[in-house]
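User: I would like to learn how to read this model. Please start with confidence, then go to local detail.

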Amino acid sequence: MTSVQAPLEKADAFGPLKRFVSRRASWIPVFAALALLILIFIAGQAYFGNFLTPRVISALLLDNAYLFILAVGMTFVILTGGIDLSVGAVMAFTGMFGASLLRDGVPSGIVVPVMLLLGAAFGLAIGVLVQYFDVQPFIASLAAMFAARGLAFMVSLDSIKVETPEILWLQSTRIQGAPGSFYITPTGIIALLVVLVAALVLAYTRFGRTIYAIGGNEQSARLMGLPVVRSKLLAYVVSGVCAGLAGVVFTAYTGASYPLNGMGTELDTIAAVVIGGTLLLGGSGFVVGSMIGVFVYGTIKTAISFMGADQSWTRISVGLLLLLFVVVQRIIVARSDRR
Amino acid sequence: MSTAKEARAIVEMRGITIEFPGVKALDGVDLTLRGGEVHTLMGENGAGKSTLIKALTGVYAIDGGSIIVEGTPREFRGTADAQLAGISTVYQEVNLCTNLSVGENVMLGHEVRGPLGINWAATHREAARHLENLGVRLDTRSMLSAHSIAVQQLVAISRAMVTDSRVLVLDEPTSSLDRGEVDQLFGVIRGLRDRGVAILFVTHFLDQVYEISDRLTVLRNGTLVGEYPVEDLPRGQLISKMIGRELDELDAISQSAARAIDRTSDPVIRATGVGRRGVLHPADVEVYDGEVVGLAGLLGSGRTELVRLLYGADRADAGRVEVRGRTARITNPRHAIDRRIAFSSEDRRAEGLVGDLTVAENIVLGIQAKRGALRKVRKSEQDTIVEEYIQALGVRPANPNALVRNLSGGNQQKVLLARWLATAPQLIILDEPTRGIDVGAKADIQRKVAELSEQGLAVVFISSELEEVIRIAQRIVVMRDRRKIGELTSHDIGVDDLVAFIADEQPQPDSPESAA
Ligand SMILES: Nc1ncnc2c1ncn2[C@@H]1O[C@H](COP(=O)(O)OP(=O)(O)OP(=O)(O)O)[C@@H](O)[C@H]1O
Ligand SMILES: [Mg+2]
C-alpha cells in the first residue's frame, strides 16, 4: 500500500494569537477578572479621588486574609468538580474551639495545630462521604456545615475573647516602609504564602495535575492509572485545613471568636473563586484567579463603604458579577467545544 | 515468522467469566499473550473484546477464572496496578483529559520531576519525543481539545509507550487513523515485538489484522471460538468464525451505486465556493435526490471541515448554499435541521449519545427534538421505529431497553446512526459512520444507506475506507490539503486509482475543475 500522509498540523497555519489561545485558553477568564479588577480600581479612583491609596490597598489584603485562604482550599475542591459548603462553618467552629482552648490556658503552639487538624478532619469526612458513600459533594459538605455550626454553638453561645499575645500579634504587627505607605500584617503574609504554595502545588506536583485531570474527566483519570481516590480525598482535606487556618486568621482579625462567624462565607468564597475564572464543572482554573476574585470582592465592598451605602449592595453587585462571569464562562466553554 | 512454540507466555487468562446485570459478557474465555508476538483479538461488536481487556487490567473484577502474569496469579485493582506489573493499555474510548495540554496527556503520572517538582520543559520534550516516534509533530503545549480525534488517538497511543512495558494492549487504536499513521504505528509495534514485548491488538480492519498479527483469538457472543496462528486462518474463514455465518454478498450495494441519478431537477443542496479562511479553500459540492456522494481524502484533508461548513457547525466566510434551488443561510446547525439536513459527526461522544438513557430513548430523541416538546411521539409509533432500526443495523443486544452506556463501542455507533436516520432527513451527512464497526455490521449499514438512498435520500458519505466509498457512492469528491481537488465517478475506478488520485501520483482523470 502507498504510504501517503497529510501534514497533521500546519505550524504556520496558527498565528501567534491562535497559538496563544490554543495553549492558554484557560487563562482567559483570569485575565477577564484582572481586567475587571483594574476597571473597578480606575472607576473608584475617578469617582472618589482617594480610592487608590496604599492604605486602602493594604487594608484589602488585611481585611480579606481569611477569604484568600478559604478561596485557595475551595479552588482545589472545585477543580475536581466538587464543592465545599462547609468552609464558613468549619472556620467558625475551629475558631471557637481554638479560642476556648486559649482561654483555658493551652499554649498557642498546640492550639493552632489542633485547629488545623480539626479542619482536616472535616475535610476528610466530606471526602470519605463523597468517595466511598457516593454522596453528592453538595450534600456531604452541607451536612458537614450543619455539624460544624452546631459544634461551634456547643463550644459557647457567646463570643469568646482572645487575649493570647501571639495570636493578636498576627494581626497587630504592621510591617511597613515609610508611614502612610503600604503595610502588611503576618495574617496577610500567611494568606499570600498559602496562595503561593497552592499555586506551586497545583502547577508542579503530580497531586496538583491529578486534581486537574479528575476535573477534566474522572473516568479518564482512573483509566490513566492516576490515584483518583487519594487525590480527591486530599483535595477536601486541603479545603478543610484551609478552613482551619482561616479560623486562626479570623480569630486574630477580630480578637475574638463568635459562633455566628462566617455565616454565608462559603458562598462569598465560591463567588470569588468563580469570578476568578475557575469553572464550576472542574478541570479549569487557577488559585491566582481565585486571589483576583477575592480582590474583586473586597474592592467592591470597600467601594460601597466609601459611598456610605448599605453593605447589602456588596451582595447585590457580587451576585450580578457572578452571573456575568458564569455566562461569560459558558460562552467560552461553548466556543472551545466548537473548536 | 513467529516461533510460536518457544515463545514464553507472559499473560495467561483462563476461564474468564464476567457478568453484568442481565448479560454474560464473557463466559469461560482463555487468552494467552506471548512475548515477541502480536496477538489480535477478533470478534463482532459486543463479542466481549473490550471487556476481556478491562478484565485483564483490573477495570472490571472477574466473576470467574484466573489471570496469571509471569507465572504468578494476579488480580489487579485498576489500571495503576496493571501498569506497575508492566501492562500498559490504550482503551477503546480515547481516555484523555481534553482540559490539559497534549504533552501533559502523554506524560500524566510519568512527568519528569526535579527537586522542585515537575520539570515542564523536560516533560514536554519527552512527550514530543514519544509523539515523534509515532510520526506526530505538534505543539505539545497546546490544549488537547484543540485537536482532532485522530490526533487524540495518537496521543493516547504515545501515552502507552511512555512506560517500558512487557505487555502493550491496544483496543482499536487505529479506528481514526489514516494509512500513513497506521504504517508508523505498525513500525513501532514491530519494533516493540522484536524487543520481546507481548502485544494485544484489536481492530475491525481485516487488512491490518493480516498485516501485523502473528496469532488470532476469536470471540463470539462472549465465548471463545478459538486461537489460531494467523497463517491457518484465511480471511473468509476468519469472518465466518467471527459472525457464525458466511458474509452476505455486497453486490447489491454496488448495484445500487451504479444506479443512474436524475440530475435534471434542482439538487437537494448546492454549495458554490463555500470556504473559510485557514480552514478550507472555497469548494463546490452538489448532492441530488437519491444520490450518495462520497468524500475521500486523507485525514486533515478538509473532509470534515467541508461538511461542518455545509451543516453550519462552523460558519463559512465565503460562498453560497442553495437548498432545492433556494438560497439558504445555514450558519447554525439549527438552520440545517430545519431544512431536514442531518449530520452524524465522527465524534460520537461529543455528539451526545446519552449514556444513561436506553437505546430506544436515544433513537427517539432525534425525532422528538425535531417535532418539538409538545407533540409527543406516540408510543406505538416509537416502538415500530426503534424496532426497525435495531433490526436494520443489527444493534446488539437487540433490546430497546438496554442502557446505551453499557453497549459496546460499535453498537453505540449504530444507535447514533439510527437516531439520525430516524429523523427522516432529506440529506444526511455521515462522517465515518462505520468507524469501529465489525465487518458484518458494516455491510448492514452500507445496505441500509443504499436502501434509503434508493428511496430518495441524499447522502454525503465520508470514510477513510476507500473500498467502502467506492462501493456505496455514485460520485466521489476528493480532497487534499484542505481543498477540493476533483470529482470522480465511482463505477469506473478501483481503490488503487483513487489512492493514486488522492496522493497525486498520476495525471488527473476527467475532473471538471482541478483546484477551487
Ligand atoms: N458496564 C457494562 N454493563 C452492562 N453490560 C456491559 C457493560 N460493558 C459491556 N457490556 C456488554 O458486554 C458485551 C461485550 O461488550 P464489549 O464492549 O466487550 O464488546 P466489544 O467486543 O469490545 O465490541 P466492539 O467491537 O463494539 O468494541 C456487550 O453486549 C455489552 O453490551
Ligand atoms: Mg470494544
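Analyst: Confidence is given as pLDDT, the predictor's score for each residue from 0 to 100. Chain A has a mean pLDDT of 89, and 93% of its residues reach 70 or more. This is a predicted model: local features need pLDDT of at least 70, side-chain atom pairs count only at 80 or more, and totals for chains, interfaces and linings use all residues. Residues are numbered from 1 along each chain as its sequence is written, chains are lettered from A and ligands numbered from 1 in the order written, and side-chain values use heavy atoms, without hydrogens and water.

User: Over which residues of chain A does pLDDT stay under 50?

Analyst: Where pLDDT is low, predicted coordinates should not be read in detail. Here the stretch under 50 is residues 1–13 of chain A.

User: How do I read strand pairing, and over how many bridges do S11 and S12 of chain B pair?

Analyst: Strands are DSSP runs of E, at least two residues, numbered from the N terminus. Two pair if DSSP finds at least two bridges between them. S11(B), residues 215–220, and S12(B), residues 223–229, pair antiparallel over 6 bridges. B:Leu216 has B:Tyr228 as its bridge partner.

User: Is B:Ser213 buried or exposed?

Analyst: Buried means under 20% relative accessible area, exposed over 50%, partly exposed in between (1.4 Å probe, protein chains only). B:Ser213 counts as buried because its relative accessibility is 4%.

User: Which residues does B:Ser213 touch, beyond four places in sequence?

Analyst: Contact means heavy atoms within 4.5 Å. B:Ser213 touches B:Val38, B:Thr40 and B:Val230.

Note on methods: Helices (H or I, at least four residues) and strands (E, at least two) are DSSP runs, numbered from the N terminus.
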